[in-house]
Amino acid sequence: MSSTLWDDSPTKSHAALSGDVSADVCVVGLGGSGLTCIVELRTLGLSVVGLDASAIGAGAAGRNGGFLLAGLAAFHHDAAERYGRERAAALYRLTQAEIDRITALTPKLVRRPGSLRIADSPEERADCRHQLEAMRSDGLAVEWYAGPEGEGLLVPGDGTFNPLARCRALADIAIELGATLHERSRVIGIDSSGVHTSDGLVHCRSVVVAVDGRLERLLPELSGRVRTARLQMLATAPDPQVSFPRPIYSRWGYDYWQQRQDGSLALGGARDVGGDAEWTDDVSPTDPVQRALERRLRETIGARAPVTHRWAASVGYTADGLPIAEQVRPKVWAIGGYSGTGNVIGALLGRAAARAVARGDDALLRAFASTPV
Ligand SMILES: Cc1cc2nc3c(=O)[nH]c(=O)nc-3n(C[C@H](O)[C@H](O)[C@H](O)COP(=O)(O)OP(=O)(O)OC[C@H]3O[C@@H](n4cnc5c(N)ncnc54)[C@H](O)[C@@H]3O)c2cc1C
């Protein structure tokens, strides 16, 4: 069983870093966030070297559910309560605009059928009603939905993509714009002389660390503010018995699935079933979570096709659900800790971090940043 559903696009390999090199900026982490940062840095005219411990999109960025949802990790009404109505609505609009940007840059990889939040219980149906009211009163597009999938909310404008194909496309764009990328180049230290791997050193004026899960491993000063968790998924062969035109979020966001155009399903979630064991940086799928996903697949979703892939990856959670987006050491910026939803916010903060590096500060970065706890 190969590892993920998404590995169906051509890939190019990039040599490991060897020896000393120089650039204006070194970006650590070649997922969607780091690669978006690199593209923006090149657009701003700065020279960039990007490093990844493994390969392009090898982390959560290439191994996730492929949802492109507007908003923060919390549902909008909860976000409004936590962060204030105006701030939550402003951040929501920024993520909507970022989905438009993602679509414009890689149009062939993105579909925008909207997304569904389907209630799994009467309590969740009532919560969907609260979300509907909060979104409507803030002028955000949303509709009540009742259909074959169940009852809940339809959010127009949301969509899906193949996350690994997107990372590979971004890497191609970065190379075309003149960036240098190195795979198999784990960063083991960042100090005033630059960014160190076991075989090389990048001398640079600034560093952007764009790593979601395990961010605290590389930047120990963030321990206690960001915590690594494992998220798991499975996928099936094409299943003609079921039809899901839109990606679905259900059971308070714990479970989520989408059906690709060839009919195959990607289903993730059940982190609550795994309990405390999921606070780990191990990325092996586990029996309890995979069994729970399979029950969901067979009993609720009604799919009969065989399971073809099972996988997991690391993400970072913060206490308040807002990302890490700040200068953590002089000239070292960190973005990550997206609390399970980094496809859109990671891209947005990748661009914001590039501007912060180029100009010394960026309002967008400050608008999102998690407050130290
Ligand atoms: C199963 C699953 C499902 C998810 N579903 C969704 C979804 O549907 N929608 C959504 O928005 N979000 C989803 N997420 C979250 C989302 O995938 C992540 O928040 C996002 O992809 C993070 O991307 P990134 O580029 O910031 O970081 P990462 O993907 O974490 O990339 C970091 C890169 O840094 C590299 N790296 C790490 N340490 C070092 C080091 N020391 N030196 C050099 N390189 C290093 C890694 O190899 C990796 O390639 C999901 C996550 C998982 C795991």
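1. Helix H9 (residues 342–359) has 18 residues, which at 1.5 Å a residue should span 26 Å, and the 24 Å between its end C-alpha atoms agrees with this; the expected span is 1.5 Å times one less than the number of residues. Helices (H or I, at least four residues) and strands (E, at least two) are DSSP runs, numbered from the N terminus.

2. This is a predicted model, in which local features need pLDDT of at least 70 and side-chain atom pairs count only at pLDDT 80 or more, while totals for chains, interfaces and linings use all residues. Residues are numbered from 1 along each chain as its sequence is written, and side-chain values use heavy atoms, with hydrogens and water left out.

3. Because 15 of its 18 residues are buried, H9 is largely enclosed by the rest of the structure; buried means under 20% relative accessible area, exposed over 50%, and partly exposed in between (1.4 Å probe, protein chains only). Just after H9, Gly360 takes a positive phi of about 95°.

4. In helix H2 (residues 76–83), the buried residues are His76, His77, Ala79, Ala80 and Tyr83. Seen down the axis of H2, these fall within an arc of 160°, so they line one face of the helix, the arc being that of the directions from the helix axis to the C-beta atoms. On the other side of H2, Glu81 and Arg82 are exposed.

5. The buried residues of H2 pack against helix H3 (85–105), strand S5 (115–118) and helix H4 (122–137), where contact means heavy atoms within 4.5 Å.
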